[in-house]
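Student: Can you walk me through this one? I have the sequence and the model open.

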Amino acid sequence: MPVQAAQWTEFLSCPICYNEFDENVHKPISLGCSHTVCKTCLNKLHRKACPFDQTAINTDIDVLPVNFALLQLVGAQVPDHQSIKLSNLGENKHYEVAKKCVEDLALYLKPLSGGKGVASLNQSALSRPMQRKLVTLVNCQLVEEEGRVRAMRAARSLGERTVTELILQHQNPQQLSANLWAAVRARGCQFLGPAMQEEALKLVLLALEDGSALSRKVLVLFVVQRLEPRFPQASKTSIGHVVQLLYRASCFKVTKRDEDSSLMQLKEEFRSYEALRREHDAQIVHIAMEAGLRISPEQWSSLLYGDLAHKSHMQSIIDKLQSPESFAKSVQELTIVLQRTGDPANLNRLRPHLELLANIDPNPDAVSPTWEQLENAMVAVKTVVHGLVDFIQNYSRKGHETPQPQPNSKYKTSMCRDLRQQGGCPRGTNCTFAHSQEELEKLETCFSSLFFPQLEEPREAAGVLPTKRCSLHPVLSSSVYRGLHQGDF
């Protein structure tokens, strides 16, 4: 029975004996299937097959080269050269160049090196998705045919993620959510906020989970009536837009009737909240991609759920929506972004390398690359990753900022109903209602401050009051703001 594979963060130790790799007893040997085991454990195998997935080892273990990229990460003494006998001198040269590129890229994982072979995910210029993809590339065995195919796919994946990261670096996070919801509304849909949207979806499920078929009007009225006691702002228009979002996601089976409204029935595969919510989320992600927006899993989790606990869920949705054409499209989008910003870091020089990576066949059954193609791909991925790191360190404001967790700074006017009735609130610090008397008392402090001349003055044209909220009280409406300026308080 196959052995359980190690966590990706444990790439610096042997997954069988758990000893950290070294240059003497526990030399790291990568197999064609991209699993890396120390040479001592490999020599103890009863059959020449990977202990994790049973892939046959076609090359003599003594001939398989040591993974220098991993050795340099554990601080071991790395030999200057390792003799590898390939078919001819040309292949040897291509192999050496490709191998050197991988070793140079592996140095970006150097800050992750921790004790006992476990990586510490801190102080890296690369994001966690980039680190994972780079670990995959570092563990590829280039002298094995299957290893070269895997290395090409890993290089393509790294290149695609690099484009996404560069687009994210150029986006204004303050404008991102506004652009997203504008794109959603432009398609006749709406997102009502994490809590309200969840309740609306659960009520749609309550009405239709038994296979009932209702007209859109009846379904919307049912949801509004059940939702109003908790969310007085619920309206037929807003709930109708939520239903439209599910309709766009093809969650309904629609039956047309002569001279009468069509009947909507939930498809069987969406009659559970998890399945319905996943399809709902996927539709919003799809709309964002259509609009040219690139949003990280962390941002998605925050936008749709009000927390960071759904990063993996959103990442899986993003991965599923990716297609072989997505990479090339992202390169075009990056080019447009660079034209708009003036490209101070000269990132446009990366375009030929990105296009080369985009043309790699991502199919697992792809034809094995030539040695020249392998060298070109490794040079290209090294160039684009270097370009990303250089941009983050020298040109991006985000690269110099240490993100701090921001508490919910809004003043809250009433106690949370979930906390009062159920003893707990699923939204935690992201809840827009007060969880303690102290939070309610902030409101009194704010109003006492309003008598001092600290409000922002209108900056619009004469006679037009600003639509934004005042700096002292983020939840004051424009009508209250107007009353304050006119002396009504």
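Student: What should I know before I start?

Tutor: This is a predicted model, where local features need pLDDT of at least 70, side-chain atom pairs count only at pLDDT 80 or more, and totals for chains, interfaces and linings use all residues. Residues are numbered from 1 along each chain as its sequence is written, and side-chain values use heavy atoms, with hydrogens and water left out.

Student: How many helices and strands are in the chain?

Tutor: There are 18 helices and five strands. Helices (H or I, at least four residues) and strands (E, at least two) are DSSP runs, numbered from the N terminus.

Student: And how much of the chain is buried?

Tutor: Buried residues are 44% of the 489 in the chain. Buried means under 20% relative accessible area, exposed over 50%, and partly exposed in between, with a 1.4 Å probe and protein chains only.

Student: On to the sheet. What is the strand order?

Tutor: The order is β3-β5-β4, in an open sheet of three strands with antiparallel pairing. Two strands pair if DSSP finds at least two bridges between them. β3 and β4 each have a single partner strand and stand at the edges, so one side of each lacks a neighbour in the sheet. From one strand to the next, the twist averages 30 degrees.

Student: What packs on it?

Tutor: Helix α7 does, touching β3, β4 and β5, and its direction makes about 100 degrees with that of β5. Helix α9 (residues 236–248) packs on the sheet as well, touching β4 and β5, at about 105 degrees to the direction of β4. Contact means heavy atoms within 4.5 Å. Axes are lines fitted to C-alpha atoms, for helices over the stretch in contact, and angles run from 0 to 180 degrees between N-to-C directions.

Student: How many bridges join β4 to β5?

Tutor: Five, between β4 (residues 252–257) and β5, with Val254 opposite Met264 in β5. Three bridges join β3 (residues 213–215) to β5 (residues 260–266), and there Ala213 stands opposite Gln265. In the hairpin of β4 and β5, with two residues between the strands, Glu259 has a positive phi near 55 degrees.

Student: How do α6 and α11 cross?

Tutor: Their axes come within 12 Å and cross at roughly 60 degrees. The two helices are therefore oblique to each other; angles under 35 degrees count as roughly parallel, over 145 as roughly antiparallel, 65 to 115 as roughly perpendicular and the rest as oblique. Leu176, Ser177, Leu180 and Trp181 in α6 meet Gln299, Trp300, Leu303 and Leu304 in α11.

Student: Last one: which residues touch the most other members of the largest nonpolar core?

Tutor: Leu137, Met378 and Val385, in a core of 72 residues. Helix α15 (residues 371–394) gives the largest share of this core, twelve residues. Another core, of 29 residues, lies apart from it and includes Leu201, Phe231, Tyr273 and Leu276. A nonpolar core is a set of buried Ala, Val, Leu, Ile, Met, Phe, Trp, Tyr and Cys residues joined through side-chain atoms within 4.5 Å.
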